[in-house]
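I opened this notebook to record what I looked up in one structure. The entries follow the order in which I worked.

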Amino acid sequence: MSGKNRRGGLATAAVAAILVAAGGVAIGVGVTRPGPPPQPEEVVASATASPTPSDAASASGSEKADSVDGPPAPVDATAPSAAAQPASPAEPASLTLPESLPTRLTVPSIGVDTDLMQLGKNQDGTVEVPPLGVDSPAGWYRNSPTPGELGPSVLLGHVDAAAGPSVFYRLGELTAGAEVTVTREDGTTAVFAVDRTERYPKADFPTLEVYGNTDDSQLRLITCGGAFDQSIGHYVDNIVVFATLISSRPA
């Protein structure tokens with residue numbers, strides 16, 4: 001799928017609150033979770049927020065993995081969002097890169113250095129998540145633009161697992177100006193600067209703000225946060241980092 005079609009599809013998808021850490025994990029009786037991850041302030045979502053996702057969980061040994069609260073299939077693969085139109089031809093062109101698959105993500109300020117796997121959709125239309133575990137990599141949602149292309153590229157990662165913190169455990173610590181880099185198959189590294197880090201209740205996830213078309217190259221890093229509800233095996237919030245492409249360099 002081309003970057004153009006991915007971008008249009010995201011803009012009109014009925015995207016629900018994302019995952020569980022892109023997964024998080026519910027811990028079975030007798031298993032101790034790591035301490036709570038760092039949290040940004042909670043943000044009250046706008047009226048365009050998506051509906052409350054379903055809460056289903058599946059058991060695996062002594063761990064019970066969170067259900068996937070991801071986006072269903074896009075409704076339209078071409079029409080841009082009314083809330084986020086691309087820049088007009090008269091406006092100066094923002095920095096963008098051609099399409100190229102991402103291979104590695106680094107966020108030096110929080111110690112993230114991870115390979116990137118590709119994530120698609122499950123049969124029920126929700127977003128796939130990486131395998132559950134402390135050594136699990138982050139993943140790129142392949143129905144979003146590749147990092148550096150025009151639009152919002154979406155990367156998902158777990159916050160923790162039964163054995164301890166996972167790849168995006170410290171995501172909530174990121175502040176404006178922090179550097180995020182993505183290595184790409186074409187031999188370039190896309191360099192992003194964090195604009196802000198937000199925490200949203202999963203029931204009020206701001207779909208268009210996260211997935212809607214943009215007139216520049218954006219990055220979204222998503223995991224779970226907030227309180228962990230043992231009764232349903234879920235974190236109650238999502239952490240979303242918003243970042244903008246500022247430069248590129250050879251990998």
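**Entry 1: the strand pair E12 and E13**

I found that E12 and E13 run antiparallel and are joined by 10 bridges. Strands (E, at least two residues) and helices (H or I, at least four) are DSSP runs numbered from the N terminus, and two strands pair if DSSP finds at least two bridges between them. The model is a predicted one, in which local features need pLDDT of at least 70, side-chain atom pairs count only at pLDDT 80 or more, and totals for chains, interfaces and linings use all residues. Residues are numbered from 1 along each chain as its sequence is written, and side-chain values use heavy atoms, without hydrogens and water.

I noted that Gln218 stands opposite Thr244 in E13. The two strands form a hairpin with 4 residues between them, and Gly233 in the turn has a positive phi of about 70°.

**Entry 2: the other partner of E12**

I then looked up strand E7 (residues 151–156), which runs parallel to E12 and is joined to it by 6 bridges. Leu156 has Ile222 in E12 as its bridge partner.

**Entry 3: burial**

Is E12 mostly covered or mostly open? I recorded that 11 of its 13 residues are buried, meaning under 20% relative accessible area with a 1.4 Å probe, protein chains only. In the chain of 251 residues, 53% count as buried.

**Entry 4: contacts of Leu221**

I listed contacts (heavy atoms within 4.5 Å) for Leu221, leaving aside neighbours within four places in sequence; among them are Leu105, Leu174 and Val240.

How values were computed
Buried < 20%, exposed > 50% of the residue type's maximum accessible area, 1.4 Å probe, protein only.
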